Amino acid sequence: MRFPYINLLLMMICFCAVSYGQQQNLSKTLWYKNAAKNWDEALPIGNGRLGAMVFGRVESELIQLNEETLWTGGPVDANPNPEAIQYLPQVRKLLFEGQNGQAVKLMKKMQGPNTNMYQPLANLFLKQKLNGSVSNYKRSLDISSAVATTFFQVNGTDFKREIFASFPDQVIVIRLTSSKKQALNISLGLGAELDHAVKIEGNEIILKGKARITSDERRNQKPLIYSDSLHRNGMRYQTRVKVIKTDGKLSADSLLNITNASEILLLVSAATSYNGFDKYPDQDGINENAKALDYLSKAEKKQYNSLKTSHINDYQKYFTRLVLSINNTGDSLSNIPTDERLNLYKSGNTDFGLEELYFQFGRYLLISCSRPGGIAANLQGIWNASIRPSWRSNFTTNINLQMNYWPAEVTNLSELTEPLITQIKHMAINGEKTAKNYYGARGWALHHNSDIWAQTNPVGEGTGDPKWANWSLGSPWISQHLYEHYLFTGDKTYLRETAYPLMKGAALFCLDWLVEKDGYLVTAPSTSPENSYLLPDGTKEVVTIGSTMDLSIIRDLFNNMIDAAKVLGTDQEFANLLKSKRDRLRPLQIGKKGNLQEWYGDFEDEEPQHRHVSHLFGLHPGREISPLIDTIYSNAAIKTLMVRGDEGTGWSKAWKINFWARLLDGNHAYKMYQELLKHSTLNNLFDTHPPFQIDGNFGATAGVAELLLQSHLAQIQLLPTLPSAWKQGYVKGLVARGGFVVDLYWDKGKLIKATILSKKGNQLNLLTDVSLQAENARQTRRGKLYYNTLKTVTGKVYNFTTDSN
């Protein structure tokens with residue numbers, strides 16, 4: 001006779017054992033049944049300053065570490081090419097004569113050094129001795145708590161590793177436990193690819209090293225040089241791993257060994273000698289040893305539960321501000337490993353939960369890599385394993401750095417823009433010298449690339465293609481973020497003391513950069529970043545006069561400056577000057593195909609499906625083009641996107657989500673979101689160019705927000721372009737310009753309720769495709785659209801319902 005209750009008991013025991021590693025928010029968890037085979041499958045954690053990629057290997061775990069200030073080089077040379085200034089008049093003359101090829105040759109003579117590179121900190125190795133086969137393996141990352149977990153069983157014993165990066169305590173915390181007493185036998189080691197030395201002191205492993213003074217690329221490698229004769233550059237760095245608590249026995253050989261333990265608590269502390277963008281990291285560097293020890297000594301006084309609680313509380317004060325539910329998915333399909341879900345999605349399976357997860361994963365990454373007081377998120381956030389990372393893992397300023405921060409304001413993470421604003425301040429200081437030394441111009445200039453040292457000169461070192469190396473309008477584009485921060489927060493003190501002076505500096509540069517051609521003001525030389533065009537005779541060209549992107553960026557800056565001067569009640573004479581110059585800018589042009597013209601002439605693209613769609617800046621992130629403003633230009637934008645196609649890199653697809661959302665075509669935007677997930681997403685949900693670039697994650701998150709809420713025009717649009725597949729759901733915590741926090745609920749594809757918190761007491765102007773009711777709101781109808789106006793009071797919540805509710 002069988003005993004079914006015994007089978008049931010065994011099942012319950014197994015369930016409880018597995019749940020030992022599963023106490024997580026399933027809908028917000030990435031999880032896998034196998035360890036990461038490579039870096040692109042490892043799981044990222046970070047506290048803004050420290051980052052780690054957790055592989056989840058059983059017997060030979062690898063945790064790859066980063067510290068956000070570890071870069072090559074040192075402060076910039078403010079005038080690296082004194083001969084450059086003489087070439088600008090010659091370049092302009094050649095361009096106006098149609099001798100573009102000769103102009104390109106001279107532009108290469110105007111180039112300066114390439115940027116420095118973001119570097120990996122160390123590798124933490126964890127070797128575990130096991131007797132028996134592994135079962136019930138699971139590794140996971142709960143983005144609702146920012147805790148990564150690895151769980152497995154061996155011969156009935158449960159093993160669990162928890163790891164998180166604490167912002168309050170500025171350390172990485174690792175806790176290893178076993179369900180059976182004295183079952184943990186662990187050996188720990190540290191290593192690095194950069195110059196370093198490792199020693200073990202009692203219960204601590206210490207790695208000390210230096211970064212290089214120069215940078216290079218994989219395709220053009222240079223000797224690894226770690227110091228100069230004056231001992232100025234070469235960032236010093238340090239990593240410490242300390243056993244804080246264990247019931248096991250410690251010993252050391254080449255590794256730090258812990259045997260017969262039931263619990264092991266490790267703290268990872270790290271620091272560099274970075275002391276500011278204008279200080280030599282070796283000669284003038286801070287004491288990285290004291291800094292790393294200080295973090296460690298404070299954190300080790302706390303119990304594990306205290307460390308974990310303060311970490312989660314700190315993280316969740318950002319993360320829980322926004323909730324998204326699509327089609328009431330809940331935990332549906334969360335029982336399927338994330339890589340398998342992604343593969344099923346690629347095969348055409350519907351998974352609204354994965355779409356929610358990817359959106360929130362973008363917010364998780366921004367919280368984890370960009371914290372107030374720190375460094376701006378680079379091309380890879382803070383996660384990089386290579387001493388020669390792709391594109392130097394720097395700040396690429398012709399789209400990528402900007403895209404990193406697109407979701408910050410609208411998804412309720414405004415404070416996380418502080419590192420970007422600080423970086424802009426630094427670039428403005430160096431950029432003043434670049435503007436003067438390279439062009440004899442006022443204000444500040446920023447070109448294609450920057451780094452932790454706030455480099456601003458044209459890069460390329462004399463061999464770079466000017467289509468990217470000499471692009472010169474980084475300062476007006478990045479200044480858009482300064483004004484956007486004001487529009488969302490309403491902080492006039494910030495606008496007056498920080499944003500306006502920086503924006504004015506960019507505007508002064510633009511005024512001096514503009515020249516007259518055929519009765520209009522244009523830029524010369526000009527590019528449309530990284531793209532090329534063909535003349536009627538088939539000649540390839542990379543430089544033009546007055547590219548659509550250039551003039552759209554300048555028009556955007558001038559408009560923002562004019563508005564800001566009005567808000568502040570200041571600088572009216574300068575605002576009037578900008579108005580007169582703005583009105584003389586060459587207007588948008590429509591080509592023979594009905595598309596928005598990219599170049600000065602109506603030329604064919606060398607690569608019609610190029611990843612950059614720079615000439616649509618006025619559509620997004622600008623506010624010049626919209627179906628609500630002028631269908632002539634918006635239809636030209638549609639034609640442009642149809643010609644460009646739906647292919648491209650991960651970040652390019654992310655930009656197209658935003659483009660189509662601004663064009664109020666939610667279904668096409670949704671298609672691009674699906675394309676990005678299907679074809680440009682790694683198994684750990686990192687975006688891939690390829691290789692990994694974090695901007696695509698951020699751009700996609702921003703794009704989803706644009707589907708649900710838009711506020712770049714005069715009205716706040718509620719559910720402006722909801723995809724038809726998202727039939728019901730809600731979003732709570734989106735932020736609109738003007739200082740409004742917005743909760744939206746929809747059913748059958750239509751808005752049914754909105755709850756809006758006024759944080760600044762501004763007038764609320766709403767635009768919807770359904771009629772709304774609210775106390776004291778005044779509604780008018782124009783065609784199929786409804787306009788609601790309401791005077792608000794600071795701190796008050798306003799409820800809107802549809803006529804059917």
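In which strand is the place of Leu772? Leu772 belongs to strand E31, residues 772-773. The model is predicted: local features need pLDDT of at least 70, side-chain atom pairs count only at pLDDT 80 or more, and totals for chains, interfaces and linings use all residues. Residues are numbered from 1 along each chain as its sequence is written, and side-chain values use heavy atoms, with hydrogens and water left out. Helices (H or I, at least four residues) and strands (E, at least two) are DSSP runs, numbered from the N terminus.

Leu772 is buried, at a relative accessible area of 4%. Buried means under 20% relative accessible area, exposed over 50%, and partly exposed in between (1.4 Å probe, protein chains only). Leu772 and Lys33 lie 739 residues apart in sequence. In space, their C-alpha atoms are 48 Å apart.

E31 belongs to an open sheet of 6 strands. The order is E17-E27-E28-E29-E34-E31, with antiparallel pairing. Strand E17 (323-326) and E31 stand at the edges. Each has a single partner strand, so one side of each is left without a neighbour in the sheet. E31 pairs with strand E34 (residues 797-802) in the antiparallel sense over 2 bridges. Two strands count as paired if DSSP finds at least two bridges between them. Gln773 stands opposite Thr801 in E34.

Another open sheet holds 7 strands. These follow the order E2-E3-E4-E5-E10-E15-E14, again with antiparallel pairing. Strands E2 (43-46) and E14 (249-252) take the edges, each with a single partner strand, so one side of each lacks a neighbour in the sheet. From one strand to the next, the twist averages 20°. For such angles, axes are lines fitted to C-alpha atoms (for helices, over the stretch in contact), and values run from 0 to 180 degrees between N-to-C directions. Within this sheet, strand E4 (residues 60-67) is joined to strand E5 (residues 122-128) by 6 bridges, and the two run antiparallel. Leu62 stands opposite Phe125 in E5.

A hairpin is formed by E20 and E21, with 2 residues between them. Strand E20 (residues 514-517) pairs with strand E21 (residues 520-523) over 4 bridges in the antiparallel sense. Val515 stands opposite Val522 in E21. In the turn, Asp518 has a positive phi of about 55°.

Helix H14 spans residues 548-568. The expected span of a helix is 1.5 Å times one less than its number of residues. For the 21 residues of H14 this gives 30 Å, and its end C-alpha atoms are 30 Å apart, which agrees. Of those 21 residues, 17 are buried, so H14 is largely enclosed by the rest of the structure. Just after H14, Gly569 takes a positive phi of about 65°.

The structure holds 8 cavities of 30 Å³ or more. Cavities and pockets were found on a 1 Å grid over the protein atoms alone. A cavity is a set of points where a 1.4 Å probe fits but cannot get out. A pocket is an open set with protein on both sides within 12 Å along at least five of seven lines. Lining residues have an atom within 4 Å of a point. Grid points are joined across faces, edges and corners, and a volume is the space filled by probe spheres set on the points.

The largest cavity contains about 300 Å³ of space. Its lining has 25 residues, and Tyr405, Trp406, Glu484, Phe488 and Arg737 lie nearest the centre. H12 (474-489) is among the elements that each supply at least two lining residues. H12 gives the most, with 6 residues. The lining divides into 12 nonpolar, 8 polar and 5 charged residues. Here Ala, Val, Leu, Ile, Met, Phe, Trp, Tyr, Cys and Pro count as nonpolar, Asp, Glu, Lys and Arg as charged, and the others, Gly among them, as polar.

The largest pocket has about 790 Å³ of space. It is lined by 32 residues, and Glu217, Arg219, Trp391, Arg392 and Trp468 are the closest to its centre. This lining comprises 7 nonpolar, 14 polar and 11 charged residues.

The second largest pocket has a volume of about 630 Å³. Among its 23 lining residues, Leu487, Leu713, Ala714, Arg737 and Gly738 lie nearest the centre. H12 and H14 each supply at least two residues of this lining. H12 gives the most, with 4 residues. The lining of the second largest pocket divides into 8 nonpolar, 8 polar and 7 charged residues.
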